[in-house]
Amino acid sequence: MPEVHATIESFRAALDAARAGGATVGFVPTMGYLHEGHGSLMRAATRECDLAAASIFVNPLQFAANEDLTDYPRDLDRDLALADDCGVGHVLVPSVEEMYPTPILTTVTVADITARFEGAARPEHFAGVATVVAKLFSLVGPCRAYFGEKDYQQLAVVRRMALDLSMPVTVVGCPIIREDDGLAMSSRNVYLSPAQRAAAPVLHRSLVAAVDAAARGERSVAAVEAVVAGAVAAEPEAVLDYAALVDAATLEPATEVSGHQRLLVAARFGTTRLLDNIAVTS
Ligand code: AMP
């Protein structure tokens with residue numbers, strides 16, 4: 001089983017000692033309730049680094065008052081068993097008091113990339129994410145840090161923060177892990193009713209249909225986005241938040257279908273918001 005650390009001090013000491021002995025460190029930050037999506041990040045960290053470490057912390061800063069902070073699913077024993085199976089050596093499981101012993105006065109905000117999409121739907125969200133990830137990077141130290149493409153905008157925000165602030169961290173993006181029916185794995189999928197769960201694969205299906213349209217030569221951004229919007233609109237359990245084709249690196253909205261792009265989708269199934277995305281290369 002991995003060594004579990006309740007304090008920043010002991011986690012930092014373990015990783016510092018490993019690096020002092022010449023080991024490279026791979027780090028996977030999570031909010032727990034781990035699934036194979038998280039597992040793929042932890043396995044990549046174990047494969048590519050001498051020592052893999054993870055954190056499990058449901059970060060209050062990134063939840064708005066009306067969001068699911070208190071309901072967020074938790075199962076530490078199962079999480080540690082999966083971390084163990086993935087070869088993780090150290091896991092930080094701090095309390096909120098350990099992470100934020102005093103009200104936090106210092107926050108990190110990343111401009112531009114956070115203005116649209118998830119940032120528009122959840123105004124404080126990315127400042128909360130950037131602040132906790134900056135804090136985690138600071139206490140972990142030099143490492144490779146693994147993030148899922150599932151949260152594509154978050155990955156872009158973290159990459160940019162590490163670049164702008166010269167953090168000694170290489171941010172590594174990893175592919176989306178899906179259920180057999182195409183639904184992207186997410187800790188929040190447990191909130192779905194049976195009918196919503198049955199409907200949810202429409203997101204991936206609609207993205208694949210849009211990629212097919214682009215591959216057949218569709219060059220209109222609006223038409224590609226409309227493939228997603230149309231499929232989601234046809235599903236009574238789903239309400240579309242956005243379907244947007246963007247530059248894969250800058251997340252700027254596309255003006256034509258060309259080059260390395262990403263098609264992002266967010267939709268609500270009842271009160272549960274689900275995200276998905278896919279590469280569009282033409
Ligand atoms: P979370 O615990 O939801 O904050 O997620 C922790 C990390 O796991 C983030 O980098 C997510 O992007 C990543 N992740 C979550 N779900 C998936 C998935 N289905 N495939 C790949 N990575 C994922």
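Leaving aside its neighbours within four places in sequence, which residues is D276 in contact with? Let's start there, and then I'll walk over to the ligand.

Quick housekeeping. This is a predicted model, where local features need pLDDT of at least 70 and side-chain atom pairs count only at pLDDT 80 or more, while totals for chains, interfaces and linings use all residues. Residues are numbered from 1 along each chain as its sequence is written, and side-chain values use heavy atoms, with hydrogens and water left out.

Okay, D276. You'll find D276 in strand β9, residues 272–281; strands here are DSSP runs of E, at least two residues, and helices are runs of H or I, at least four, numbered from the N terminus. Its contacts are I176, R178, G182, A184, L203, H204, L207, L263, L264 and V265, where contact means heavy atoms within 4.5 Å. D276 counts as buried because its relative accessibility is 3%. Buried means under 20% relative accessible area, exposed over 50%, and partly exposed in between, with a 1.4 Å probe and protein chains only. The side chain of D276 also makes a polar contact with the side chain of R178, at 2.9 Å. By polar contact I mean a pair of N or O atoms within 3.5 Å; within protein, one must be able to donate a hydrogen and the other to accept it, and residues adjacent in sequence count only if both atoms are side-chain atoms.

Now the ligand. There are 17 residues around it, and H38, G148, D151, I177 and M185 come nearest; being near means that one heavy atom of the residue lies within 4 Å. Which element gives the most to that shell? That's α2, with 3 residues. β2 (25–30), α2 (36–48) and β5 (143–148) each supply at least two. By type, the shell divides into 9 nonpolar, 6 polar and 2 charged residues.

On to the atoms. A side-chain N or O atom of D151 is 2.7 Å from a ligand oxygen, and a backbone N or O atom of M31 sits 2.9 Å from an oxygen of the ligand. With M185, a backbone N or O atom is 2.8 Å from a ligand nitrogen. Taken alone the ligand exposes 490 Å², and the protein buries 92% of that; those areas come from Shrake-Rupley with a 1.4 Å probe.

Next, the inside. The largest nonpolar core has 46 residues, and F137 and M161 have the most contacts inside it. A nonpolar core is a set of buried Ala, Val, Leu, Ile, Met, Phe, Trp, Tyr and Cys residues joined through side-chain atoms within 4.5 Å. Helix α6, residues 125–140, brings the largest share, 10 residues. Apart from this core lies another, of 25 residues, including A200 and V232.

Last stop, the loops. Y33, in the loop between β2 and α2, has a positive phi of about 55° although it is not a glycine. D112 does this too, at about 60°. Most residues other than glycine have a negative phi. And D112 counts as exposed, because its relative accessibility is 59%.

How values were computed. Nonpolar A, V, L, I, M, F, W, Y, C, P; charged D, E, K, R; others polar.
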